[in-house]
Amino acid sequence: MKDLKKEVFIEILDGILENPYIGIIMVDTLGNVNIVNKTYLEIMGKQEEDVLDKHILEVTPHSRLPEVLRTREVHLADHWPVNGHDTIVFRMPLYKDGKMIGAMGQSLVLGAAGVRILSKKLKELEGELAVYKDVVSSIYSSKYCFDSIVGEDVNLRNVKSIAQRASNTGSTILILGESGTGKELFAHAIHHASPRTERPFVRVNCAALPDSLLESELFGYEEGAFTGARKGGKPGKFEMANHGTIFLDEIGDMPLAMQAKLLIVLQEREVERVGGTKPIRVDVQVIAATNRNLEDMMKKGKFREDLYYRLNVVTLNVPSLRKRPEDIYLLISYLLPKLNQRLHTQIEKVSKEALKLLCTYDWPGNVRELENLLERAINLADLNQDSCLSPEYFPSLTRLVAKPVLGIEPVGDENVDNLGEAVEKMEEETIRRVLEKTHNNKAQTAKILGLNKSVLYRKLKKYNLISDL
Ligand SMILES: Nc1ncnc2c1ncn2[C@@H]1O[C@H](COP(=O)(O)OP(=O)(O)OP(=O)(O)O)[C@@H](O)[C@H]1O
Ligand SMILES: [Mg+2]
């Protein structure tokens, strides 16, 4: 760039940096702040020296910039209220010569009206995006097969074999089970094993769509059906799934009026677009799933009995993880290498004590919760350059189990008068031990204890542990 051009360019950049409506902050790859503008300082009510060279989480404990550094994802237009200001935040990783050198956050400060306009626009865009995402996933078809369903428990194997048989017959299938047990996994596997595998697999999340959109999403609409209807109309999910599989997820959350319309489609195997006049024949395999108790809902008049019987041709009751503890070990062996690959880590194993801990927990969130806890533990162990997952890396579990935590014995009653005091003593001692272990690294201590950094600070003050830092 010629010098003059460069000067103008730098002036423009300065102008952007000093824009009174945009707060800008940049961090390096470690999350330490190296650039911040006046507007940002004003929004935060801070001085430059409180911010520069500090870790971003010390400046704003809830900042999502560390997440951007980790995932390299761009966050577009997040609504973020700060100190009474409504802001719209953009976050992005920064690259130089193809290498990430940090991340930047830009907060656009708006009045209340501005936020309303922008968030309305955003909602509309999100709606469109959801449609495209679904189209893409229908092109990609189903991702999992029966081999991806891990577990040797008798009941699970039984459900698998019923599902395998049903995938050949094309019968309507109702998948029941608690949240995170693998219902969606089953739906994918059934489609994958069926003769329809080369045809679309279309998922509809009945809980996510507002009532007003559900009908046109499922059945499509004709041009001019309502204001805002797209030119040429739009096919519904049933049409898109023609000759393939439609997966009606969270069916228990479908409003009653839609249940009646769905029943007709299932009986007639024909759909009529909103604003349309002629029915369209569809040939689809229907799989529905829910974690709700449909029988209870029927008793309360919230789920139609006739629809229930129409869907419940083949039922798959996916067992919860707590009913098949022996599968926990198998799932860990399956998930660990997968997570290592995704997170670029090299955790080799789970310690015996940690396994014991995992087997005594009752897993309300089932396999999804196991996956999440493992991911978190891997991150913590990696931070500690440890290749084995020991109980300390499952802080949410160690806190739940009434056993000595991190080798600290519960306080005997000779020292304390009441339970509150005992808990406080235990908490203080635990924080002290972890601080020792991390050589007073506050960020690491907060992570290991599963605490937000600002909460940790409060506790450090409360127990007068600040002087230790
Ligand atoms: N048996 C299994 N083997 C391997 N992975 C599993 C198994 N069951 C569940 N998972 C994984 O757990 C996560 C949750 O599964 P899924 O989304 O299918 O649950 P769900 O029953 O649909 O839950 P929800 O009711 O909350 O929608 C997914 O990442 C899935 O791959
Ligand atoms: Mg699901």
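How far does a backbone N or O atom of Gly-182 lie from an oxygen atom of ligand 1?

Author: The distance is 3.1 Å, from a backbone N or O atom of Gly-182 to an oxygen atom of ligand 1. That counts as a polar contact, meaning a pair of N or O atoms within 3.5 Å. Before going on, keep in mind that this is a predicted model, where local features need pLDDT of at least 70 and side-chain atom pairs count only at pLDDT 80 or more, while totals for chains, interfaces and linings use all residues. Residues are numbered from 1 along each chain as its sequence is written, chains are lettered from A and ligands numbered from 1 in the order in which they are written, and side-chain values use heavy atoms, with hydrogens and water left out.

Now zoom out to the shell, which takes in residues with a heavy atom within 4 Å. Ligand 1 has 18 residues around it, and the closest are Val-150, Ser-179, Gly-180, Lys-183 and Glu-371. Helix 8 (183–193), helix 14 (326–343) and helix 16 (366–383) each give the shell at least two residues; helices here are DSSP runs (H or I) of at least four residues, and strands are E runs of at least two. Domain 2 (141–319) and domain 3 (322–403) each contribute at least three residues to the shell, with bounds from an automatic or database assignment.

On to the strands, which pair if DSSP finds at least two bridges between them. One open sheet has five strands in the order 7-10-13-6-14, paired in parallel. Strand 7 (201–205) and strand 14 (314–317) are its edges, each pairing on one side only. Neighbouring strands in this sheet are turned by 20° on average, direction ignored. Inside it, strand 6 (173–176) and strand 13 (285–290) share four bridges, and Ile-175 faces Ala-289 in strand 13.

There is also an antiparallel open sheet of five strands, in the order 2-1-5-4-3. Its edges are strand 2 and strand 3 (75–82), and the twist from one strand to the next averages 25°. Strand 4 (85–96) and strand 5 (99–110) are joined by eleven bridges, with Lys-96 partnered to Lys-99 in strand 5. Strand 1 (22–28) and strand 2 (33–36) pair over three bridges, and Met-26 sits opposite Ile-35 in strand 2. Their hairpin has four residues between the strands, and there Gly-31 takes a positive phi near 95°.

Terms used
Polar contact = N/O pair within 3.5 Å; in protein donor to acceptor, adjacent residues only side chain to side chain. Axes fitted to C-alpha atoms, helices over the stretch in contact; angles between N-to-C directions.
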